[in-house]
Structure formats: structure tokens, C-alpha cells
Amino acid sequence: MVRLFRDGPLMKALGAIWEFRDRITTIRIVQSMEKLEGRTAIVTGASRGIGKAVAVMLGREGANVVATARTKQAIDSLARNIVHSGGNALAVEADLSIDSDVQRIADETLAKFGRIDILVNNAAIIHPSVNLVDFDFDLWRKVIAVNLEAAALLTKHCLPSMIENSYGKVINISSIGGRKGGKGRSAYRVTKSALISLTESVAAEVKPYGIDVNCICPGGVDTEGYREAFATRGKADDPNMMAPEEIANLVVFLASDDSSSVTGTAIDAFGGTNPLFD
Ligand SMILES: NC(=O)c1ccc[n+]([C@@H]2O[C@H](COP(=O)([O-])OP(=O)(O)OC[C@H]3O[C@@H](n4cnc5c(N)ncnc54)[C@H](OP(=O)(O)O)[C@@H]3O)[C@@H](O)[C@H]2O)c1
């Protein structure tokens with residue numbers, strides 16, 4: 001009788017129910033582990049490289065992703081993929097050197113999602129190495145406009161929504177080049193060191209509203225932009241170079257509540273390209 005109860009159809013049915021219940025619980029736990037559920041994140045320069053990896057990862061963590069860049073096809077396809085994976089996304093084609101485009105990024109985000117929680121100022125022009133004496137000054141000014149001014153202006157347009165909600169995470173992508181000047185790198189490095197300073201100033205201004213502003217200084221990352229600027233094959237030439245996802249992981253941390261103790265900082269993420277190892 002006992003044996004019949006232990007091995008019988010009733011126990012089998014109960015076992016199946018328990019297994020099903022465990023599976024549902026696991027799914028619930030995995031879902032609740034999405035760190036950015038309900039948050040809306042703007043990522044500039046999302047058409048490729050680090051920005052694309054950041055957009056994908058923020059989407060995986062449950063954020064509504066606004067992917068912006070000039071290459072419409074790339075951001076449309078990225079947004080489609082996020083939506084196909086069950087997320088929410090919007091592609092906004094915009095040129096950051098045009099002030100009205102910068103305003104439109106914030107406007108379209110608010111029209112679609114109603115709030116802005118996370119801003120990742122990632123887009124940049126990585127110019128080839130040219131000494132100042134030979135530098136085309138139109139390009140020099142454009143580097144300042146895209147890498148620095150647009151980051152400040154887009155932050156300015158996003159802050160009112162963050163202030164209204166007493167919540168925000170602004171993440172500026174600076175560079176190892178923001179830590180020190182370098183031959184041939186005058187325009188780029190000026191913008192990257194200025195981004196560190198901008199991070200500190202704005203962080204001090206908005207802390208009372210519950211907004212954190214931080215900055216990441218990546219070392220060498222194997223991206224299309226890096227390969228084009230320095231005519232290399234990336235990791236194939238330098239195995240120490242990082243993958244874009246390694247920087248995106250850090251962005252997810254800074255975008256999440258896990259980083260509540262961190263603001264006004266510039267975090268070095270040099271990976272294997274750390275000059276300590278030279
Ligand atoms: N790769 C590295 O080793 C490295 C190291 C340190 C820091 N970083 C920083 O990390 C960030 C991403 O670098 P990455 O290597 O991924 O660069 P990337 O491959 O060249 O990508 C740059 C992104 O910026 C966008 N962009 C450029 N000009 C724009 C403009 N006028 N308007 C709108 N978007 C524009 C590009 O999109 P469209 O061309 O489609 O507009 C692209 O999506 C940059 O801030 C860079 O300075 C990179």
C-alpha cells in the first residue's frame with residue numbers, strides 16, 4: 001500500500017506539479033533579476049562599437065532603449081532586434097553636431113516613453129593622429145561639437161525629466177586619452193578630459209535630485225572606429241584589446257541601482273591595455 005502510494009500515479013502527478021511550480025518560480029526570479037525593468041535609456045552612438053553593445057545589454061536588462069546615431073539602417077535593425085527579443089526600443093536618427101537634432105532625441109524619447117532615466121553619452125569622433133600644426137580646424141571644431149558639446153546639451157535636455165522623477169543616471173564615455181594629452185590627439189583628448197570635468201560639475205549640481213553622473217575611461221577597445229582611426233586589425237594586432245561588451249557591463253552597473261554609492265567619478269577601465277603592464 002505504502003509502495004503503491006510512493007510510486008503510484010498520484011505521486012507522479014504531484015511530482016509533475018512541483019516541477020512545473022519550480023520552473024515558474026525560476027522564470028519569475030530570472031525576470032525580477034532584470035536590473036532596469038521600467039527604466040528608459042538613451043544611448044548615443046548606438047549604430048556600432050561600444051554604443052551598440054551598451055544598447056543591447058541595457059535592453060537585455062529590461063530597459064526601454066532609445067538608440068541614436070546617423071546610420072539609420074543600423075539603429076533601425078538594432079531596435080527591431082530588441083523588440084523581437086521582447087523589449088521596447090526606439091531608433092532616433094540624429095546628427096549630434098546639429099543642436100536641433102540633439103533636442104529631438106530628448107523630445108522623441110519623452111513622446112514615446114514619457115520619461116528619461118538613463119543617458120549614455122557614448123558617441124564620438126575618433127580622429128586619426130594629426131599634429132595640431134597640420135590639423136584641419138573644421139574637423140577639430142567638429143570633434144569638440146560631437147564629443148563634448150552634444151554630450152553637455154543632451155544632458156541639459158534630459159535633466160528636467162530626471163529632476164521631475166527624482167531619479168537619473170548619466171554615464172559619459174570618456175577615454176584613457178582623457179587622463180593625459182598625447183601626440184596627434186589634441187582635439188580628441190581635449191574633449192575626453194573635459195568630459196571628466198563635466199561629469200564632476202554636473203554630478204555636484206544634481207545630487208540633491210537623486211541623479212548620479214559618472215564617467216568611464218576605457219582603454220583600447222576593438223571597434224570599427226578604433227580600427228578606422230588607427231588603421232589596425234584591432235584584437236588581431238593587439239590581443240590585449242577589450243571587447244565592447246566589457247565596457248557595456250560597466251555601463252549596466254552604473255545605470256542600475258547597484259551603483260547608488262557612486263557619483264561624480266571617472267572609472268578607469270583599461271583592461272589588458274593598462275600602461276601599468278607595458
Ligand atoms: N574604441 C576604443 O578603443 C575607445 C577607447 C576609449 C574610449 N572610447 C570611446 O568610446 C566611445 C565609443 O567608441 P567606439 O570605439 O565604439 O567608436 P565607433 O566605433 O567609431 O562608434 C562611434 C559612434 O558614434 C556615432 N557618431 C559619430 N559621429 C556622430 C555624429 N555626428 N552624430 C551622431 N552620432 C555620431 C557613430 O554613429 P554614426 O556614424 O552612425 O553616426 C557611432 O555609432 C567613444 O566615446 C570613444 O571615444 C573608445
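Hi everyone, let me begin at the ligand: by class, the shell around the ligand has 13 nonpolar, 11 polar and 4 charged residues. For those classes, Ala, Val, Leu, Ile, Met, Phe, Trp, Tyr, Cys and Pro count as nonpolar, Asp, Glu, Lys and Arg as charged, and the others, Gly among them, as polar.

Before going on, a word on the source. This is a predicted model, in which local features need pLDDT of at least 70 and side-chain atom pairs count only at pLDDT 80 or more, while totals for chains, interfaces and linings use all residues. Residues are numbered from 1 along each chain as its sequence is written.

Back to the ligand. Which residues come nearest to the ligand? Of the 28 residues around it, they are Gly45, Gly49, Arg70, Thr71 and Gly225; near here means a C-beta atom, placed from the backbone, within 6 Å. Helix H3 (49-60) and helix H8 (224-230) each give at least two residues to this shell.

Now the chain as a whole. Its secondary structure comes to 9 helices and 7 strands, where helices (H or I, at least four residues) and strands (E, at least two) are DSSP runs, numbered from the N terminus. Of the 278 residues in the chain, 40% are buried. Buried means that 20 or more other C-beta atoms lie within 10 Å of the residue's own; exposed means 12 or fewer, partly exposed is in between, and the C-beta atoms are placed from the backbone. Among contacts with a separation of 6 or more, 67% come from residues 24 or more positions apart; a contact needs C-beta atoms, placed from the backbone, within 7 Å.

On to the sheet. In general, strands of a sheet pair through backbone hydrogen bonds, either parallel or antiparallel. Here we have an open sheet of 7 strands with parallel pairing, in the order E3-E2-E1-E4-E5-E6-E7. Strand E3 (89-93) and E7 are the edge strands, and each pairs on one side only. Pairing requires that DSSP finds at least two bridges between two strands. On average, neighbouring strands of this sheet are turned by 15° against each other, direction ignored.

Helix H7 packs on this sheet, touching E5, E6 and E7, and its direction makes about 165° with that of E6. For such angles, axes are lines fitted to C-alpha atoms, for helices over the stretch in contact, and the angles run from 0 to 180 degrees between N-to-C directions.

Let's look at strand E1 (residues 40-44). Are its residues buried or exposed? 5 of its 5 residues are buried: Thr40, Ile42 and Thr44 point one way, and Ala41 and Val43 the other way. E1 pairs in the parallel sense with strand E2 (residues 64-69) over 5 bridges, and Thr44 stands opposite Thr68 in E2. With strand E4 (residues 118-121), E1 also runs parallel, joined by 3 bridges; there Ile42 stands opposite Leu119.

E4 is covered on both faces, with Ile118 and Val120 buried on one side and Leu119 and Asn121 on the other.

Two single residues next. Val92 lies in strand E3, and it counts as buried because it has 22 C-beta neighbours inside 10 Å. Leaving out residues up to four places away in sequence, Val92 touches Val66, Thr68, Arg104, Ile105 and Glu108.

Cys215 sits in strand E6 and has 25 C-beta neighbours inside 10 Å, so Cys215 counts as buried too. Beyond four places in sequence, its contacts are Asn172, Ser174, Leu195, Ile196, Thr199 and Ala266. The C-alpha atoms of Cys215 and Thr263, 48 residues apart along the chain, are separated by 8.8 Å.

Last stop, helix H7 again. Its buried residues include Tyr188, Leu195, Leu198, Thr199 and Val202. What covers the buried residues of H7? The cover includes helix H6 (137-165), strand E5 (168-173), strand E6 (211-218) and strand E7 (266-269). At 1.5 Å a residue, the 21 residues of H7 (residues 186-206) should span 30 Å, and its end C-alpha atoms are 30 Å apart, which agrees; the expected span is 1.5 Å times one less than the number of residues.

How values were computed
Two residues are in contact if their C-beta atoms, placed from the backbone, lie within 7 Å.
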